[in-house]
Amino acid sequence: MKYYEIPFAAIAEIPVQGIEALKTRFTDILEKHSGKILHVEYLGVRDLAYKVKKQSKARFFLISVEVGTGFPMDITKYFRINESILRYQVYNVESVNKKPSAILTDLLKTPEYLGTEEEKAYSNIFAAKSN
């Protein structure tokens, strides 16, 4: 089994149902390769440095998984055809760090982070499946 970190940016206007559908497909691909989600971070809506697919804002997620071979190719194929995903990257890592990332640590210091019920809903979507 290998460890992967997958940061991705989805369009900011994507509804909660759209992220739930993305999670369902993501977990289907993960289960197909006998994998599991180890760590999830929702980094909120952030401004992009430049427009990507006519979008100036995006919702950022970071997911760490443990999975067998073949997964990177399948998840890349799915992200490539999904119009809601603006950018993504699949990294092979030696081990998964379950501590909050530097970006999330800074976000947690701000009172606006997860201030609305909608933002809390986005952060909890993947969290139900992670350990």
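Helices (H or I, at least four residues) and strands (E, at least two) are DSSP runs, numbered from the N terminus. This is a predicted model, in which local features need pLDDT of at least 70, side-chain atom pairs count only at pLDDT 80 or more, and totals for chains, interfaces and linings use all residues. Residues are numbered from 1 along each chain as its sequence is written, and side-chain values use heavy atoms, with hydrogens and water left out.

**View 1. Order of elements in the protein chain.** From the N terminus on, the elements run β-α-β-β-α-β-β-α-α, which comes to 4 helices and 5 strands. Among contacts (heavy atoms within 4.5 Å) with a separation of 6 or more, 80% join residues 24 or more positions apart.

View 2. Helix α2 spans residues 71-81, and its buried residues are Phe71, Asp74, Ile75, Thr76, Tyr78 and Phe79. Buried means under 20% relative accessible area (1.4 Å probe, protein chains only), exposed over 50%, and partly exposed in between. An α-helix has 3.6 residues a turn, so residues three or four places apart point the same way. The buried residues of α2 pack against β1 (2-11), α1 (16-32), β3 (55-67) and β4 (85-88).

**View 3. The largest nonpolar core.** A nonpolar core is a set of buried Ala, Val, Leu, Ile, Met, Phe, Trp, Tyr and Cys residues joined through side-chain atoms within 4.5 Å. The largest one has 28 residues, of which Ile6, Phe8, Phe26, Val65, Phe71, Ile75 and Phe79 touch the most other members. Two or more residues come from each of β1, α1, β2 (36-52), β3, α2 and β4. Strand β1 gives the most, with 6 residues.
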